[in-house]
Amino acid sequence: MNTRSAFLRPCTRVYVILIALTFATFAVGELGLSGLTASLLVLASALFKGHLVGDFFMGLHGLRGPWRWVILIWLTLIGGLISLAFTLTP
Amino acid sequence: MSTAVSATAEPRYPPGDLAIWIFILAELSVFAVFFAAYAFTRMNNPDLFNTYQATLDRGAALINTLALITSSYFVVRAVAAIRVGESLRCARWLWLAILMGLVFLGVKGFEYAHHFGQGITLSTNRFYMFYLSLTFFHFMHVILGLVILLAVALKARKGGYDEREHTGVETGASYWHMVDLLWLILFPLVYVMR
């Protein structure tokens, strides 16, 4: 039971954070906020959400070795590319 | 001695079959190319992308994001249940996760019907080419994920997993979380960032 709680409690907190950040992202869209700063903030929020899913839902949080970092590396890669493209957009 | 204890406490490999993680890495690589292609194509056509992005139903995308996140959380609950040997509880959480996945398919299908009803196709313009191909590619992954979850739920209901052997549940869960992860990037990129 303790093992299950130790797994579920952080995941439940992550679920609440994911829902809250999703509404924040939606609000940015509904308010019509645009431009580089707004876009990069929304992207940062999405990358953070992805990191939480990888670490807690996918269970990479407690690993040692290279598998611990695969999702974070992927997020960093696509985050960098998307940021670069939006930064270079005239 | 402490090293041995540490090695036992911190596993080296992720939950589920390692093959699914190789598959996940391949899928993530393909989507990374898609996401980058979208962003760099938009770089040369920002007005076109901003104009047609405004025609999308952001409310539907919100519902779909909430559905996938909730579905992923239900899968987490299913994994937690089977790890303590509660096979029927595991199956019940998986049915709920599948239901949320079906909500996603229904809402997305409604969006597609609306677009196709307006005569929008892949060749309408570059924005719709990316929007339709990216979201439909993801849509197909949702369908595959649901088939996997369905197979796992049926086996769990029959008591096919227990607290010692539940690799199948963790394998299906890992794939489903990847589907959720991809949408968490796709949603802001296509529907919000401008």
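User: Which residues does B:Asn50 touch, leaving out those up to four places away in sequence?

Analyst: B:Asn50 touches B:Arg42 and B:Arg194. Touching is contact, meaning heavy atoms within 4.5 Å. This is a predicted model, where local features need pLDDT of at least 70, side-chain atom pairs count only at pLDDT 80 or more, and totals for chains, interfaces and linings use all residues. Residues are numbered from 1 along each chain as its sequence is written, chains are lettered from A, and side-chain values use heavy atoms, without hydrogens and water.

User: Why is B:Asn50 called buried?

Analyst: Its relative accessible area is 17%. Buried means under 20%, exposed over 50%, and partly exposed in between (1.4 Å probe, protein chains only). So B:Asn50 counts as buried.

User: What makes B:Arg58 and A:Glu30 a salt bridge?

Analyst: Their closest N and O atoms are 2.7 Å apart. The rule asks for a side-chain nitrogen of Lys or Arg within 4 Å of a carboxyl oxygen of Asp or Glu. The pair therefore qualifies. Across the interface of chain B and chain A, the rule finds one salt bridge.

User: How many residues does each chain bring to the contact?

Analyst: Chain B brings 54 residues and chain A brings 49.

User: What is the area buried between chain B and chain A?

Analyst: About 4600 Å², with 77% from carbon and sulfur atoms. Buried area is the accessible area (1.4 Å probe) that two parts lose on being put together, summed over both. In chain B, the residues B:Arg12, B:Tyr73 and B:Met193 lose the most area to chain A, together 13% of what that side buries.
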